[in-house]
Amino acid sequence: MKKATTHPLRTALPTRIGVSRCLLGEKVRYDGGHKRDQFLTDVLGRYVEWVPICPEVEAGLGAPREAMRLVGDPHRPRLVTIDSHIDHTRALETMTRNRLDGLKSFDLSGYVFKKGSPSCGIERVRIYNEQGVPSRNGIGLFARGFIEQFPLIPVEEEGRLCDSTLRENFIERVFCYRRWQDLIQRGITRQALIQFHTIHKYLLLAHSPQQYKVLGRLIGQAHQYRPKELAHRYGELFMKTLAVKTTVRKHVNVLQHILGHFKERLSAHEKAELLGVIGDFHQELTPLIVPLTLIKHYVQIFDVRYIRDQIYLNPHPKELMLRNHV
Ligand code: SF4
């Protein structure tokens, strides 16, 4: 009898993602408007639970309000209104401290920030010097606090999610981080960590074969660490590895490795067909979903358990169709 397996996407808790509130269509912007992002509200929102935050409104600045910008020292900029020059830095910093403390219990698995905002932007936010000249090297005050407090949680800006590769990578990391949180909450053991590492093997290889080896060495030395320390080291490296960009070449390597698990059971015709489909992907004639679908078909037919359990085959809900575009 076949042993039932847990679906790799099934997690113990909802996948919660923090989000700049204006991106969900709420009228919290300085001009009383919003910046609703349709992908977030209508597509991704079906599979995650949003935790919306507007730092400026929560700092008591109201909506609408006078527009603000970052000024001064790039390492410690101040948040100042553009016309009346009122400094709201302290209000934002207090709000950030209090909110981040409260957020610990939310178990966020990701955060989508509004780009360019002096409170929410995570990169290239304008900072103005004393002469009023901007340089694009700032981070929003709330976003900076969030990243410092939760360095492993995947963060992204809504603008970058228009890029299909970045979008796929971000959402993959969100679901991976959710699984990692589940593992930690169940109470990490060396055995559980080995299992976790095993089912992520091909996903990690698609990002970085070098980092996968480093993670493997850590697993090999697991007995040298106390479980908490081991989890800390592994979690950090795991998330760092997933942030390395995948490439067509790395995917092709992974597909060929997977093929190695059942190629002896294919007829000459089937093998040639599958190699042809992988070759088309290699030449970027088709997206990743094409060879993967055929591979999943054979994994199912031949019941190749080791491969069937690999997160690489189902890293995020298929309905998001993220691999139709990479
Ligand atoms: S960018 Fe951030 S601070 Fe500005 S309106 Fe949106 S949520 Fe509020």
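What you have open is a predicted model, where local features need pLDDT of at least 70, side-chain atom pairs count only at pLDDT 80 or more, and totals for chains, interfaces and linings use all residues. Residues are numbered from 1 along each chain as its sequence is written.

**Stop 1**

Colour domain 1 and domain 2 separately. Where they meet, 12 residues of domain 1 are in contact with 13 residues of domain 2; contact means that the C-beta atoms of two residues, placed from the backbone, lie within 7 Å. The side of domain 1 that touches domain 2 divides into 7 nonpolar, 2 polar and 3 charged residues. For that count, Ala, Val, Leu, Ile, Met, Phe, Trp, Tyr, Cys and Pro are nonpolar, Asp, Glu, Lys and Arg are charged, and the others, Gly among them, are polar.

**Stop 2: a parallel sheet**

Switch to cartoon view. Helices (H or I, at least four residues) and strands (E, at least two) are DSSP runs, numbered from the N terminus. Two strands pair if DSSP finds at least two bridges between them. Find the open sheet of 4 strands with the order 2-1-5-8 and parallel pairing. Direction ignored, neighbouring strands here are turned by 25° against each other on average; axes are lines fitted to C-alpha atoms, for helices over the stretch in contact, and angles run from 0 to 180 degrees between N-to-C directions.

Next, select strand 1 (residues 16–20) and strand 5 (residues 108–113), which run parallel and are joined by 4 bridges. Ile17 stands opposite Gly110 in strand 5.

**Stop 3**

Another open sheet of 4 strands has the order 4-3-6-7, with mixed pairing. Strand 4 and strand 7 (134–138) are the edge strands, each pairing on one side only. Click on Val71: its bridge partner in strand 4 is Arg78, and in strand 6 the partner of Val71 is Tyr128. Strand 3 (residues 68–71) and strand 4 (residues 78–81) pair in the antiparallel sense over 4 bridges, while strand 3 and strand 6 (residues 125–128) pair in the parallel sense over 2 bridges. In the hairpin of strand 3 and strand 4, Gly72 takes a positive phi near 95°.

**Stop 3: the ligand**

Which residues surround the ligand? Select Ser20, Arg21, Cys22, Val28, Arg29, Cys54, Pro55, Glu56, Lys114, Ser117, Ser119 and Cys120. A residue is near a molecule or strand if its C-beta atom, placed from the backbone, lies within 6 Å of it. This shell divides into 5 nonpolar, 3 polar and 4 charged residues.

**Stop 4: a helix pair**

Finish with helix 10 (residues 248–259) and helix 11 (residues 268–282), whose axes come within 10 Å and cross at roughly 170°. That makes helix 10 roughly antiparallel to helix 11, a label for angles over 145 degrees. Show the side chains of Val248, Val252, Leu255, Gln256 and Leu259 of helix 10, and of Leu274, Ile278, Phe281 and His282 of helix 11, which make the contact.

Technical notes. Parallel < 35°, antiparallel > 145°, perpendicular 65-115°, else oblique.
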